[in-house]
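I am opening my notebook to look through this structure step by step. Come along and check each entry as we go.

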Amino acid sequence: MLKLQGNAISLDVKFNKRALFIVTKRAGLPSTIKAKYAFLLDSYLNYEEGYGAYISFDKVQGSGISNHFHLPIEMNYLADGDVISIEPSGRINSLFRKNSAHNTILLTEQCNHYCLMCSQPPKNIDDSWLLDEAMALLELIPRETVNIGFSGGEPTLYGDRFLGLINKSKLMLPRTSIDVLSNGRAFSDLFFTANYAATNHPDCVIGIPIYSDDPARHDYVVQAEGAFDETIQGILNLKKYRQKVEIRIVIHKQTIERLVQTCEFIARNLLFVDHVALMGLEMMGFTRANLDQLWIDPFEYKNILSEAVGVLSSYGINTSVYNHQLCVINDDVLPYYKKSISDWKNEYVDQCNLCVKKSECGGFFSSSKLHRYSDHIKAVI
Amino acid sequence: MEVTITFDANVYSSDAIKKAAYRSINKFAINIVNDGSNIKCSLTFKATTTESQIKSYVDEFKKEVLDQDLRESIKKETEGIRNLILAHTFSKTGLIKDE
Amino acid sequence: MSNFQTIEFYKNKKKEYSLLPFRFECLGENNYVVTNLAGEHLIITRDALENLVRHKLNSSSADYVNLRAKHFLTDDKTQIAKELLSIKLRTKYSVLSEFTGLHIFVVSLRCEHSCPYCQVSRQSDDKVKFDMSTEVADRSIDLALRSPSKNIKIEFQGGEPLLNFQLIKYIVLASKTRGGDKNISFVIATNLALINEEILIFCKEHKILISTSLDGPKEIHNTNRPRPKGNSYEKAVEGIQLAREYLGIDSVSALMTTTQNSLGHVKEIIDEYLKYSFLGIFLRPLSPYGFALKTKTYAAYNADVWHEFYMEGLEYIIDLNRKGIKFREYYTSTILTKMFTSQEVGYVDLMSPSGIGIAAVVYNYDGSVYASDESRMLAEMGDNSFELGNVLINSYEDIFLNPKLLDPIEESFAFSVPMCNECAFEAYCGADPVFHHGVFKDFIGRKPDSEFCKRNMKIFKYLIKRMEHDPYVKKLFMSWAQPNA
């Protein structure tokens, strides 16, 4: 698992608020843009003045250089083109990695749901500076980036400012597709949906969870009364305006019993969705606190998963299965299996060492490896 | 040979009875009297009609009355939705003129 | 953690619920099938049904949860059912306004076969008398293109249409020229005895599909379909292979007709279809028209006997699939599409409102226009009830606003007739005024006496029960249900 945040040691900081920088090794950049970059010093201190900040990983005594930050060695994955934020205190955040296919930008930790298995537990504080930073980040992300994600909390809580972000994404990164994770309820307001549609982003998908065809169960999983109806209404409205929608289902003990019926519900009522993602459980956030209610060994539900995937695929719905290991699923799920755990999160366990399918397998969430994973992990030899 | 059948006027409509009787017009002649609570039907058969034929014609007549009565009431009840769907069917043909 | 509520907290507060429109039918052994407005079904026990209707169903029961999720009832927990149901219904009926998509051109009545079940056709060399003229063809093309449908399928029938191949060429070229931005596809329904290279080259150029008759293995086929030299089967098989060489394997389809001869041999017939690499078969019942009625071949069997034939065939096909052979039965697929999706396949006999005229229409060799293929057959028996006019005399308006078309459509509308009105399977079934008029001299008939009704009810109940306890069959049927598969 990659460490995306760290505390750097610095002695002479000249800026007084959090700022964004593009990481670079290149010397001799034009002075009109140098200040946007954080220059990666090598151990010979190849210092050149004019850069916005300087970063290095070796243990260095006072270099005498202003805005020089000594990062923890675990962050030495940082490379040319990555974008980081640096606080005057030395706190470093990796916000965007050029070589990663999985860049997701956190917009807020506020949320109007409280999912039993939330991996980003809500905080009721004003963190709109995250949105400000995201807007700034859009100017630093390279234009050839294929895809970025926006998540939270609940991004649509920003209302029109959320729409402003989508619009800016379209303007600054016209060739980059966007995945937005949202509970979709804001779109139950047709007017809001119309405004969203009016931004006319060429490739933006709203990923919306539906955890059951039973409204009581869905509301229970997300811990919000009335969530189901508003979420469905939101999806219907988005489709009235021909916007792209993905439905996401996290599979655990509270959603597994009606997983097949839920997929049948989607096939009968929401046939027009662009994609359905069936996802394995991540051991972060609230999941561990609610583990008794949530944990079921994927090996035990593999036949139900096969049946659910069978329903969706029969109806011609684009389906993917994420966050499972190859040894806990049936072969009929293979065409839909995605090696998907974000590269900064994935790992393997000892049983995997001899497995011939290791390179095709997504492995585990680091959190799963630490806390709980299937009892049936077995190498394929 | 004459047979009398009485229908409850609260259950059956006289239109239905007439329609049903018409279908058997080649088998018997009929006289219908509606006194408000009962509809009395007097059926007269040709001299050559046998007993078993009479029985079968009478049964058939009763069935037809029920059929016609139901057709009438259900058709009326479902007029709205039927017209809606048929109007939609013809909506793009250019054949429906706006009144 | 104390911050989280239990599921009880999110269940419906008031214990009352409202029923959404639904219908039911007994499946036997204390089980009932219930169907909602959109045609989705569930199986519940008689007790559960009674409780449901008397508003005594326990909201914690699995039945309650299933019924609410499938839009049979609504309560204070969720109000989205009505919008979802209306979307499903609108989707189901939306395609009706496309109007007539299938246009059948009877280019010649002449035929060298003399199949006893054939309703039409003449053994004759008199082309003037029995071939469609260019004038009739032109006028028919005009009428076909007048349909608002974006997609038009022109099907050439007869007799044997290849006996008037010159006119087929004419019609293909003329309709493409005048078609504008309509998407026109073509199919020739032929016995293939007369197929040759010249014809196939033309078909390839214009992407014309072939539909032929294959009634089963040689003995059955040739007995059903006599021709001089008695070699209908050999010619058909030869023709299929030749046609595929030019047009590709998916361009040739086959239909079978069930006769007294065919009964008891459904597996051999299916095996024959497998032998020639067809992906499915349509196990058709015998229609009660034409020579079939005259020669009493219709009286030879009734719904029960045909049902045995169908069931044996279907079970055999299910087994084949279990063995990895992809093969399907098309009548079943049509019904399954209505059971599992909101799509409409457009099969004329299983539509309400009836598909006569509004989904399909026939332009006969002599210019007369019929509301459907069966309507034409009825006319051959002397019953012109469904003859709508003549292309040389009547306008589009005359034909499609003819009471001879509108009356049967309106009167046979299934939701408006006794028994169909409250039938659980109305969404899967159709009106078929032509059949009922042919047999009962009435567009509606009395459904308890109707073979059409009996046959379909049996099939619906059978399919529903078959899927309930066999997940393999359910999955198989779900894949057959997809209209574009």
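Predicted model: local features only at pLDDT ≥ 70, side-chain atom pairs only at ≥ 80, totals over all residues.

Entry 1: I started with strand β2 (residues 28-34) and strand β3 (residues 38-45) of chain B, which pair in the antiparallel sense over seven bridges. Which residue is the bridge partner of B:Val33 in β3(B)? I found B:Lys40 there. Next I looked at the turn of the hairpin, which has three residues between the strands. B:Gly36 takes a positive phi near 105 degrees in this hairpin.

**Entry 2: the sheet of chain A.** I moved to chain A and traced an open sheet of seven strands. Their order is β1-β7-β6-β2-β3-β4-β5, and the pairing is mixed. Which strands are at the edges? They are β1 (5-7) and β5 (68-70) of chain A, and each pairs on one side only. From one strand to the next, I noted a twist that averages 30 degrees.

Then I picked out one pair of neighbours. Strand β2 (residues 19-24) and strand β6 (residues 83-86) of chain A run antiparallel, joined by four bridges. In β6(A), A:Ser85 stands opposite A:Leu20. A helix packs on this sheet too: α1 (residues 129-137) of chain A touches β2, β6 and β7 (91-96) of chain A. The direction of α1 makes about 35 degrees with that of β2(A).

**Entry 3: where chain C meets chain A.** How many residues of each chain are in contact? I noted 21 from chain C and 27 from chain A. On the chain C side, α2 (62-69), α3 and α19 (471-480) each supply at least two residues. The largest share comes from α19(C), with four residues. I sorted this side of chain C by class and got 10 nonpolar, six polar and five charged residues.

**Entry 4: two domains in chain C.** I finished inside chain C, which is divided into domain 1 (7-93) and domain 2 (100-403). How far apart are their centres? Taken over C-alpha atoms, 41 Å separate them. The contact between these domains takes six residues from domain 1 and four residues from domain 2. On the domain 1 side, helix α3 (residues 81-94) of chain C gives the largest share, three residues. That side divides into one nonpolar, three polar and two charged residues.

Methods: Residues numbered from 1 in each chain as written. Chains lettered and ligands numbered in written order. Domains from an automatic or database assignment. Contact = placed C-beta atoms within 7 Å. Nonpolar A, V, L, I, M, F, W, Y, C, P; charged D, E, K, R; others polar. Pairing = 2+ DSSP bridges. Axes fitted to C-alpha atoms, helices over the stretch in contact; angles between N-to-C directions.
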